[in-house]
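I opened this model to look up its turns, sheets, cores and ring contacts. My entries follow in the order I made them.

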Amino acid sequence: MNTFNDIKELVFALNRESKLISEMFSKRKSIDYKFSDALELVDYDENRIDFLIQRSVIRENGNTLELDDLFLEFFEQVLDVNEEINLSYIDENIKNIKENIDYFLNENNENRKYGYLRFIKKTFKKIGLITLRSVVDLRRNIDNTFKNESNYKNKQLKLENLDEKRTVIKNLIIQTLKIINEDEVTFFNRALDEELNRIIIDLKHQLGECSHNLIEIEKQIIDYLNQIKIHGKFLEKLRKLKYLKDHFLIEAETNIKQIISNNNSVIFEPRTSEPLNLSIDFLREDEKVFDVIKKIAKNHNDRKVFKAELADSISDEFLENSIEEEIMINYEEIKNSFLATSDNLFSFILSYDFSKAVEFNERVTIFCQVISLYEQDLDIKNNFQTSNGIEYAIVTAR
């Protein structure tokens, strides 16, 4: 497994394959992303997909592709669409704060003390953000569970587990405030840092907001569990009645006849239609009725009859086979041709015959892509030259 050499190569690869990565991320829960679908988004260049697979951005599973868990979790965390609530982050951060406070109080070197202080400030910020996000995810998961889970037992069990997570978040908030207000008073008196004071004020505000939301979430969970209990009892009675009915025991073991006899509701009875058919002899003898029939017939005769228009026949030119040709850039062929020369890569690509018109800017992009794809076959030197305002490194074959 290869890794990215530096952050520039990582950002470049993500930017170049942004269309593929964005599509795979949006379809991560709906479909298994096929290799053939991915080829369309990378201009049918399998090397670009292999490059991402080798660097563990995506994983290949048979004929399907999926984003690696590390990158998937990163995208979900940054975009705030993660549905999993991982409370171990907060608990671990609280332990780290306590440890670094001890280090800070025992340290005499100012530089190392500042390092511990900087870590503590960063961790306090992290606790506030993670707690807020956990509360938001908790509320969303509770709503989704109640509305979308069809199995009542699983729905009740999931809500009870989410209620336990609510309790854990509440206890973690209490622990964090206890560190600030009670356990580490000496540290805050010695630190005397303005930025730390601002961070603590913001953190207290965030934790207070989370506490209020947790109270509402607790009420919501109780309400949902009560609804589930009521619906569960109703379904239990319904299943029991169906069992008695299927076994022809409903009349013997229930008072259903007495209940039905006392119920005069007719809302569920079918509506009977009673058509009125007039006698033909009566219609012939009564002149007034005959006049009414003639008027109605006249009104119907005046109506326009719209005929459906037939579409024209399909032109023969649309039925003819047509072939469109598009010249694709073969990076493998460019690399092999370059390795057989003694020229530098930039000059080689500027003079390379692509069998189609390729602008200067596009050739610069091809130069970067060849280096990214075949870096192991190239020798990138520290010498630089300039062409048309573009500064480039001298690259030769190994």
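I began at the hairpin of strand 4 and strand 5, which has two residues between the strands; Asn388 takes a positive phi near 55 degrees there. Strands here are DSSP runs of E of at least two residues, and helices are runs of H or I of at least four, both numbered from the N terminus. The model is predicted, so I kept its limits in view: local features need pLDDT of at least 70, side-chain atom pairs count only at pLDDT 80 or more, and totals for chains, interfaces and linings use all residues. Residues are numbered from 1 along each chain as its sequence is written, and side-chain values use heavy atoms, with hydrogens and water left out.

**Entry: the hairpin**

I noted that Asn388 is not a glycine, yet has a positive phi. Most residues other than glycine have a negative phi. Asn388 sits in the loop between strand 4 (378–387) and strand 5. Is Asn388 buried or exposed? Its relative accessibility is 63%, so Asn388 counts as exposed. I used these cut-offs: buried is under 20% relative accessible area, exposed is over 50%, and partly exposed is in between, with a 1.4 Å probe and protein chains only.

Next I checked the pairing. Strand 4 and strand 5 run antiparallel and are joined by seven bridges. Two strands pair if DSSP finds at least two bridges between them. Thr386 has Glu391 in strand 5 as its bridge partner.

I then moved to an open sheet of three strands in the order 1-3-2, with antiparallel pairing. Strand 1 (33–34) and strand 2 (58–61) are its edge strands, each pairing on one side only. Strand 1 pairs with strand 3 (residues 64–67) over two bridges, in the antiparallel sense. I looked up Tyr33 and found Leu65 in strand 3 as its bridge partner.

What lies across these strands? Helix 2 (residues 18–26) lies across strand 1, strand 2 and strand 3, at about 90 degrees to strand 3. Helix 4 (residues 46–54) lies across strand 2 and strand 3, at about 105 degrees to strand 2. The axes are lines fitted to C-alpha atoms, for helices over the stretch in contact, and the angles run from 0 to 180 degrees between N-to-C directions. Contact means heavy atoms within 4.5 Å.

**Entry: Asn47**

I stayed with helix 4, where Asn47 has its place. Asn47 is partly exposed, at a relative accessible area of 27%. I listed what Asn47 touches, leaving out residues up to four places away in sequence: Glu332, Leu373 and Tyr374. Asn47 and Leu373 are 326 residues apart in sequence, but 7.6 Å apart in space, C-alpha to C-alpha.

**Entry: cores**

Which residues touch the most other members of the largest nonpolar core? They are Leu345 and Val370, in a core of 42 residues. Helix 18 gives the most to this core, with six residues. A nonpolar core is a set of buried Ala, Val, Leu, Ile, Met, Phe, Trp, Tyr and Cys residues joined through side-chain atoms within 4.5 Å. With residues up to four places away left out, Leu345 touches Phe338, Phe367, Val370, Ile371, Leu378 and Val395. Another core, of 35 residues, lies apart from the largest one; Ile94, Phe124, Ile169 and Leu214 are among its members.

**Entry: rings**

I counted ring pairs by one rule: rings of Phe, Tyr and Trp (its six-membered ring) pair if their centres lie within 6.5 Å, and planes under 30 degrees apart count as stacked, over 60 as edge-to-face and the rest as tilted. The count comes to ten aromatic pairs. Phe338 and Phe348 have ring centres 5.5 Å apart and planes at 55 degrees, so this pair is tilted. Both Phe338 and Phe348 are buried. Phe367 and Tyr392 have ring centres 6.4 Å apart and planes at 75 degrees, so this pair is edge-to-face. Phe367 is in helix 18 (residues 360–373) and Tyr392 in strand 5 (residues 390–397), 25 residues apart. Ring pairs also link Phe338, Phe348, Tyr352 and Phe354 into a cluster.

Last, I looked for charges over rings, with NZ of Lys or CZ of Arg within 6 Å of the ring centre and within 35 degrees of the ring normal. The charged end of Arg16 sits over the ring of Phe51, 5.4 Å from its centre. The charged end of Lys113 sits over the ring of Phe104, 4.8 Å from its centre.
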